[in-house]
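Thanks, everyone, for making the time; I would like to walk through one model this morning, and I will give the cut-offs as we go.

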Amino acid sequence: MRRVGYVLGAAGQGFWRNPVMSLASTFTVTLMLLLFSFFLTTDRGLQAAVGVLESKVEIAIFLDDDAKVSQIIALKARVEANPAVSRAEYITKDQALQRLRDVADRRKDFVIADVDSNLLPASLEIKLADPRQAKQLGDDLRAEIGGGVVADVIDNPQVVDQLLTITRVLSIGGIAILAMMLFVALFVIVNTIRIAVHARRDEIEIMQLVGASDAFVRWPFILEGMLVGALGAVFALSVVFAASGPVTGAMLDFLVTLPISLGPDFAFQLAASVLSVALLVGAGGATLSVRAHLAK
Amino acid sequence: MIALDDVSKRYPNGTFALRDVDLRIDAGDFLFLVGSSGAGKSTLIRLLIREEVATTGRVVVDGEDVGRMPRSRVHLLRRKVGVVFQDFKLLPRKTVAENVAFALLVTGHEGRLVREETARALSLVGLTARRDHFPGQLSGGEQQRTAIARALVNRPRILIADEPTGNLDPVTSWEIIKLLTRVCELGTTLVMATHNAEIVNALRRRVVHLDHGMVVRDEREGLYAA
């Protein structure tokens, strides 16, 4: 019990022995964690947005009016068998007309002139599981035009490509910024603990001379690093949760077309992730620092 | 208890601190290590507690090859070898009793054992009455006795003293030597590096004389100078 008391006491003393440096590193860790939270939240929001948009990515196959039902069923089965396709829906000529009517009902400037002779084709609407395959699938289907079943293929691979590019850039950029911040936080913690180690170098020397194990020497510093990390996490999460209400409101106003809000499950995941990263960075930085000292 | 077989220590700048040293120290021996500054006394001591590793040769302490010992076992060696230095190396913010108990605490002991062993060590060095004083409130001799108590509290089989009287006046030096002699009589092997000719000549114990890293004299009941 006294050993545990010694380790905890030494960690606390270490933190308060040099409060300016400890608070400076806590502040840096807080900033890093705020960025991490921002990245995590944005990434999750973007993933949701991409999910919504991707579910709208479709390829529409306009079917020949003369195509037989058996041919259409065969085509549908063939399309659905493609792993890039999540589902294919058959839209009859009547359903297509009904949709047009629905749209017309909502828009006053839209009038359907001739409803007696339905010129709209029946179609297969394809939702993709993997939007990156949109172009390839569109090209394959386009090759079947004129075969008596496929009349035309409408796809929009460009939008898909752009969307994926944006997602990729944001992911890579976010990871790069986060990596840099992680490096800065680690650097600051390493230096904070180095100062703590230096302040207690006589004690460490005596501990080693009388036969304390390296682990016993190391633990107070690792705990001190974790204390810095944990305090940083508490500050960062306080800011994030205090700001989450107004920011979510503003985002919902801004992104009217994407009504995405992140719920309590995400809040828990965020808190757990932030705390884990904080403790890991604190312990990792301290371990690096004290290990360098012990290896001398 | 201690054996050095053909041990040499060369530092990266090329200088030899020790050269072809062969030495046997039996359990219960009291050995003076003498020689001028830079002769290799401190290097030899550092090899015994694995603060340094021999460049060639073998250093065996209590049956273990110290040079080949993995780093993870070094702390176990140091529990068997108590060390006392010229500059005492006490923690100024801890009391005498806390300084002594510290050696037990950081080696995994707790509770009653720490209290009892600390009291025993303080009684052995005659500092029971000063147990709650801080090092700054003690004389040089008392500080060295505290350091000896700390070195002995883990009941090491070997005690190494590197110039233990170097910072003390002659009267206090004799007090420390008497104490160390008693410790040796109680069964601890004692290796003491010193420049104090008077003490060496008065005690007539084994003397190992180092010069330029080599053992030039090893006498059973030796004098400081040949």
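How many bridges join strand 6 of chain B to strand 7 of chain B? Before I answer, please note that this is a predicted model, in which local features need pLDDT of at least 70 and side-chain atom pairs count only at pLDDT 80 or more, while totals for chains, interfaces and linings use all residues. Residues are numbered from 1 along each chain as its sequence is written, and chains are lettered from A and ligands numbered from 1 in the order in which they are written.

Strand 6 (residues 81-85) and strand 7 of chain B run parallel and are joined by five bridges, where strands are DSSP runs (E, at least two residues), as helices are (H or I, at least four), numbered from the N terminus, and pairing needs at least two bridges found by DSSP. Within that pairing, B:Gly82 has B:Leu159 as its bridge partner. Strand 7 also pairs in the parallel sense with strand 8 (residues 189-193) of chain B, over five bridges, and there B:Ile158 is partnered by B:Thr189.

Five of the five residues of strand 7 (residues 158-162) of chain B are buried, so this strand is largely enclosed by the rest of the structure; buried here means that 20 or more other C-beta atoms, placed from the backbone, lie within 10 Å of the residue's own. B:Ile158, B:Ile160 and B:Asp162 point one way from strand 7 of chain B, whereas B:Leu159 and B:Ala161 point the other way.

Conventions
A residue is buried if 20 or more other C-beta atoms lie within 10 Å of its own, exposed if 12 or fewer, and partly exposed in between; C-beta atoms are placed from the backbone.
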